[in-house]
Structure formats: C-alpha cells, structure tokens
Amino acid sequence: MTVRTRSGARPFRLELYRMTRRPRTALLVLAIILCFKGVVLLAGGGESAAAGRGGSAFIYLAESASMTLKLGWLLLLCFAAASVSGDRSRGMLRMLLARPVDRVAFLLSRSASLLVVGGLILLADGLVGTGYALLFKSFSDVADPALQGPQFAASAMIWQVVRAYLMTYLGFAATLSLGLFVSTLCAHPTPAIAWAAGSGLALEGLRLVFGGDLGACIMTGYNSLHFERLSRLARGIAEYTPDGFFLMAAAVPIVHMLVLTTGAIVALRKADLVE
Amino acid sequence: MASRSPDLVVEARGLRRRFGADEALRGLDLIVERGDIYGFLGRNGAGKSTTIRILAGLIRADGGEARLLGASVDSRSSALRRKVGFLVENPAFYPALDAVENLTCHAYLQGAVDRAHIEECLDLVGLADAARRPVKGYSFGMRQRLGLAQAFLGDPEVIILDEPAIGLDPPGVIAVREIIRRFVRERGATFLISSHILGEMERLCTRVGIIESGRMLREGTLFELGATGRVVMRLSDPERGMSLAADRFPRSAPRQSADHRVQLVLDDSEVPGLVRLLVEAGIDLYEVSSRPATLEELFLELVDKGGPS
C-alpha cells in the first residue's frame, strides 16, 4: 500500500517516524531529568528544613521544578544545538535535502520535534513532582502568619503552578530556537553545543546583571524564574502576579523564538552543504 | 525563449562556482541526453562533486545555468526532484535504524511510502537479506549499496551518482556495475555517474566527459573520443625513430614503453606516412600495430599532458 504525503507535511512525517523509531536520545534526556529529579526529591526538593516532610506541596513543587528544569533547559539547549549540525557533520543533511523537501519545512519540523522533547521534559517533571507532592505534602491554602504575607487559596495556587509550567514551556521554545539557530550556523555539533551553551550562560549572566523584569526579558529561556516567583508566592512573601503581566511576559519568548527561527531558516536556506 | 530538446536530461551551461580563493568551476558545460549512461570523469578536486551538488540543489552556482529535465535546478521544485535520484559521495544513514526504516525516512520526503517498492529497491541492490539489520552494523560496501537503493526510490527518470564505487573492493565495484546495468535494463533511466575509476567507466558508460580544473576538456562517446588511435611499433633504433616521428607528427607524443616498444598517438590515415618515413631513414620495423585508445590513456593525455586538441 502506498501512503502519499503532501509536500509541506513530508518532513513532519519523517520527524514523527524517526522519533517513534529511534526514541533513544529523547528517552536519554528524560532519564537524566528523572534521575536528577529523584536526587532533588531525596534531598528535600530544595525546600527549607523548616517546611520538612508534610510541608506545602506548592513550595516543594516550585523549588524542585526550579532546580530540575535548570538542567532540562541546558540539556534542551545542547540537544537543539546538536540537531542540525549533527546531521550535517554525519552527511545526513545533504542526503535528506537532496530530496524533494523544502528547507523551511525541514527546519520547522525539526523545531516541532524538539518542542515535543521540551514538552516531555516538563510533563515528566510535573508528573513526578505532583505525584510525590500528593503522597507526602499538603495542597493547602497558603497562609504564613509569621511573615504577615498575603494569603492565597489552593485553587488559585494550582493555576499559578500550571501557568509557571506554561511559561516555562514558552521559555523552552525560545531556548531551542537559540540552539537551532546556532546549529544551522555550525558544521559540527561540538562547536554548536559550545556556542549554544556559551550564549545561554552569557544570557544568564546578563540576567544576573540586570535582574528583575528586564533580566527576565533578556533570559527568556530561564525556566527557574517562574518557579522562583511561585516559591516566594507559596511562602507568602510575594505579591500575586496578575495574568496580564504574564501575557506581556509571554510575548518576550515568542518574539525571541520568531526572530531566532527566522534567523535559522535564513541560515539554512543560504547554507552550502559541501560537507 | 527557444524551446529545449526534450532529450536533454542534464544541461549545464557556463557553470561557475568559487569557494573563497579557489575557483572550483570555470564555465563548465555538460550535456546528458535521455538514455545515456554518462561517465563524468576527472581527478580529485576537478569539480565533479561541486557540479553534482549544484544539480542536487545542495549548493548554488555563482554563474551559468544548470537544468534537469528542462527545469532550472535553482527552482528546487519538488515535482522536479521527485524525478531525480541522487547518491552523494559517502552516503550517510541513521545508524540505529535498519535499511527499511532508513529508506522509509527517504520515502516520506519523496512523498510516497510504499513498503513493497522499498523492498524491491533493497532486493535490486542485493540487501534484501540484511534489510532488518541496523545500518551501524553494515560494511562500507553495504552502505554504498543502500545509498544506491535510496537513489532508486520512486523510480526516478534520472539518477545522478557521485563516486558510487569509491572505496569498494573489486567484487563490490563489479556488483555496483551490475546493479546499474540491471536498473537500466529493468526500468530504463538516464545515469550521470562521476568517478575516477576509469576502467569501470569504460565498461559501463555510453558517453563520457572529462573535466579538469572546473572545465570540460572533452565530451563524447567512447568511440568518438578514441578515434585517434594508438600505434605501437618495435624498431631497430627506437630513439631515432621517436625523434623522426616527433618532428613529422608533432602531436603524436611518442614515448617508449618498458619493453622498448615505441607508442604514438596517430590517426590511422597517418600510419602509412610514418612507416615510409622510418623505412626511408633506414630504421627496421619488426612490428606495427594499431588499436583504439583506452579511456585511461585518453584521460592521462587530456589531464596530465594537456593532450591533443
């Protein structure tokens, strides 16, 4: 039986097929994340000793996610950086692009498969974290009279957790766009990973220098930002941030993603595949 | 615009390409007609792979025009590319996937996945038994055959192969030749094959083009290229015979072989004149024979010595 695919959908079908046939790398990334999550979990999730076993699930979720997703962010950046450059150095890219395939569709499909990996990282982190929290922690309203801070209902906090994951996903999208952009400029994965990781760490340096919201704008992919905010909120030492702010903040990684993906497309379209 | 011959399958006119200071192609002209098995010959760095990469749309030409089946390669048209199969030098595959899975990946990009056709292509190149083994366990020759199978996917009208037999042992080279012949016999297709394995090209190709420093030196059928034959003589005084021949026939490039025979490049019509010249000079002739030039001899003349014009 012959299965026909429309021109623009062909590379997406290829990526889907490849991911299901060769899930090893994605599974390895997930395994690393889960192992790290386990270590964080055993170490108390970064939670202060005072909270201890049976403390707030929201603090645990926020702080453990903050730590785990720092690693996830770095892995995703390196994974994206090695994506196109790895295929190029192996000679796969010229084999694939000699086929009737549009380079833009090829790059977008690669981006989509990386987004799936990023989503899996967040999903794994969220499921493990929530599972542990459900077993050993309490999803109660936030109330900390000692600090005289504001109080929030558990239902409002759950939305804050979901929103933190969604915002982090957008940050991941910007992160993998950076990795993919660098990947299209390099002929080998090693310099691509070095450049991508260097760029990511440089952005993190800028975030530390500028701090606050300006820093957050610079470092769109820095996942821990939203969970750090969530942790402060759960401890009752931060103001509730309105959804409007997050809508504005969401625009930043989206713009970064569009700019970097366009850059990657231009770079790949102009690339001479002589390797 | 003037209409183009439907028989022109590959057409390059004045193709130019520069990599930094290095000029890889300097106005290359190349014509491959329908049904040809065209041998694209040249030494390393002559511009063969650059030409093929331009045709495959992997790099762009700085100048000139390249067409496949009448359409410009710059269009990168999907409809055009479905009719063309490519084997780029040193084909690469996903190592963890088996042959069927790797070809399925290519078939997705080709636009149609047909398991029976994939198995047929693998059978054609003799990989049916190894179809379910991961490619990382394949030998170099098996990868090369898999590269041929992916070029055959979709029954293309034109198949462009860059060094399909490079690095193969003699049985592997023979196997590749037989695969190409079988494909021509069973499917009918036009082949453009770059190589520097001259003996192989001589056995396989109907037309050849010899390229050097980014320019086409000679192009034609083996008969056309070999029209200037080789004359081999055994003389009583080889040195004086060579000197006389060089004076009378300046382009005959006389040289002495290891067994003291004198070899010259001459048209058959010039042989009686040469014999008369030598006899009149008092040189005894023990043997005179004439044969067509081999591709290797032609190649060496054209590429190494500048060759007859």
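**View 1. Helix α5(B) meets helix α6(B).** G141(B), Q144(B), L148(B) and F152(B) in α5(B) touch G172(B), V176(B), I179(B) and F183(B) in α6(B). By class, the residues of this contact are five nonpolar, three polar and no charged. Like every view here, this one shows a predicted model. In general, two packed helices are described by the angle between their axes and the distance between the axes. Here α5 (residues 140-152) and α6 (residues 170-187) of chain B have axes that come within 11 Å and cross at roughly 15°. Angles under 35 degrees count as roughly parallel, so α5(B) and α6(B) are roughly parallel to each other. The crossing of α5(B) past α6(B) is right-handed.

**View 2. Helices α3(A) and α6(A) pack together in chain A.** α3 spans residues 57-90 of chain A, and α6 spans residues 154-185 of chain A. Their axes are 8 Å apart, and the packing angle is about 20°. The two helices, α3(A) and α6(A), are therefore roughly parallel to each other. α3(A) passes α6(A) in a right-handed crossing. From α3(A), the residues in the contact include F58(A), L61(A), W73(A) and L76(A). From α6(A), they include M157(A), V161(A), F172(A) and L176(A). The contact of α3(A) with α6(A) holds 17 nonpolar, seven polar and no charged residues.

**View 3. Six strands of chain B form an open sheet.** Follow the strands across in the order β6-β8-β9-β3-β10-β11. The pairing is mixed. Which strands stand at the edges? They are β6 (84-87) and β11 (215-221) of chain B. Each has a single partner strand, so one side of each is left without a neighbour in the sheet. From one strand to the next, the twist averages 15°.

View 4. Strands of a sheet pair through backbone hydrogen bonds, either parallel or antiparallel. β3 (residues 37-41) and β9 (residues 190-195) of chain B pair in the parallel sense, over five bridges. Find I37(B): F191(B) in β9(B) stands opposite. Helix α1 (residues 48-55) of chain B packs on this sheet. α1(B) touches β3, β8 (158-162), β9 and β10 (207-212) of chain B. The direction of α1(B) makes about 145° with that of β8(B).

View 5. In which sense do β10(B) and β11(B) pair, parallel or antiparallel? They pair in the antiparallel sense, over six bridges. One bridge joins I211(B) to M216(B) in β11(B). Two residues lie between β10(B) and β11(B). In the turn, S213(B) has a positive phi of about 50°.

**View 6. Chain B touches chain A.** How many residues of chain B are in contact with chain A? There are 27, and they meet 28 residues of chain A. α2 (78-81), α3 (99-110) and β7 (112-114) of chain B each supply at least two residues of this side of chain B. The largest share, seven residues, comes from α3(B). By class, the side of chain B that touches chain A has 15 nonpolar, seven polar and five charged residues.

**View 7. Chain B is divided into two domains.** Domain 1 of chain B covers 8-224, and domain 2 covers 227-291. The centres of domain 1 and domain 2 of chain B, taken over C-alpha atoms, are separated by 41 Å.

How values were computed: Residues numbered from 1 in each chain as written. Chains lettered and ligands numbered in written order. Predicted model: local features only at pLDDT ≥ 70, side-chain atom pairs only at ≥ 80, totals over all residues. Contact = placed C-beta atoms within 7 Å. Helix = DSSP H or I, 4+ residues; strand = E, 2+ residues; numbered from the N terminus. Nonpolar A, V, L, I, M, F, W, Y, C, P; charged D, E, K, R; others polar. Domains from an automatic or database assignment. Axes fitted to C-alpha atoms, helices over the stretch in contact; angles between N-to-C directions. Parallel < 35°, antiparallel > 145°, perpendicular 65-115°, else oblique. Left-handed = near helix turned anticlockwise from the far one by under 90°. Pairing = 2+ DSSP bridges.
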